[in-house]
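Colleague: Can you walk me through this one? I'd like to go through it piece by piece.

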Amino acid sequence: MSCILHIDTSTSVCSVAVSEDGACIYHEEDLTGQHHAELLGTYVDQALSFIDSHAIPLDAVAVSSGPGSYTGLRIGVSMAKGICYALGIPLLSVPTLQLLTVPVLLGRELEDDALLCPMIDARRMEVYAAVYDRALHEVRGTQADIVDADTYKEWLDQHPVYFMGNGADKCREVIQHPNARWIDGILPLAKNMFPLAEQRLLRGQTEDVAYFVPFYLKDFVAKTPKKLI
């Protein structure tokens, strides 16, 4: 296994973690708002000091790659790139929507045919969402959805669908389908990144440190058909 530093700044949460041998061994997080610029450097310094004090070789840095806040992602990705460049180690990117599913997949009993729909809040009744099966295969890729009662009916008619993330709360009153399941309190946290990051490292799915760009919401909106925005 390996030691990975994890960084997530994709939403209002700022979090950093360290994993080794398939377990989280250190984490720091702030849930109070947009303090990434103030806190991330301190959190990363503390995490690197923890790694050094335990004489653990750092093998890679993983960063949440969006969709998410332009400013938040820019801060997190810049930090991750700087560490990778300085230490000559690989950069790993973890999609934020997949990250939201990790505590659900690890902490809940799900039906065999269950689908997961992580959501990131956007304006009005809009969310950024994807649909995955339990193996995190894409059933439907990331899209900007204007949510109404029929938005996910195609999947709800055939499967139990678990909705989570900070975009799910505002959809609860709109989606009344009997197969809809709602999971509260799910945030994109660095301490949950390690299963996805380790899988990418083992597969050699690393990013080019010089050219990697995260999935900014503003860029996604610009490429989304007008009928969706």
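Modeller: Asp-145 is found in strand E8, residues 138–146. Strands (E, at least two residues) and helices (H or I, at least four) are DSSP runs, numbered from the N terminus.

Modeller: This is a predicted model; local features need pLDDT of at least 70, side-chain atom pairs count only at pLDDT 80 or more, and totals for chains, interfaces and linings use all residues. Residues are numbered from 1 along each chain as its sequence is written, and side-chain values use heavy atoms, with hydrogens and water left out.

Colleague: Is Asp-145 buried or exposed?

Modeller: Buried, with a relative accessible area of 4%. Buried means under 20% (1.4 Å probe, protein chains only), exposed over 50%, partly exposed in between.

Colleague: Which side chains make a polar contact with the Asp-145 side chain?

Modeller: The Arg-140 side chain does, at 3.0 Å. The Tyr-152 side chain does too, at 2.6 Å. A polar contact is a pair of N or O atoms within 3.5 Å; within protein, one must be able to donate a hydrogen and the other to accept it, and residues adjacent in sequence count only if both atoms are side-chain atoms.

Colleague: New topic. At what angle do H3 and H5 pack?

Modeller: About 115°, with the axes of H3 (residues 96–107) and H5 (residues 194–203) 9 Å apart. Axes are lines fitted to C-alpha atoms, for helices over the stretch in contact, and angles run from 0 to 180 degrees between N-to-C directions.

Colleague: Which residues meet there?

Modeller: Gln-98, Leu-99, Val-102 and Leu-106 in H3 meet Pro-195, Leu-196 and Arg-200 in H5. Contact means heavy atoms within 4.5 Å.
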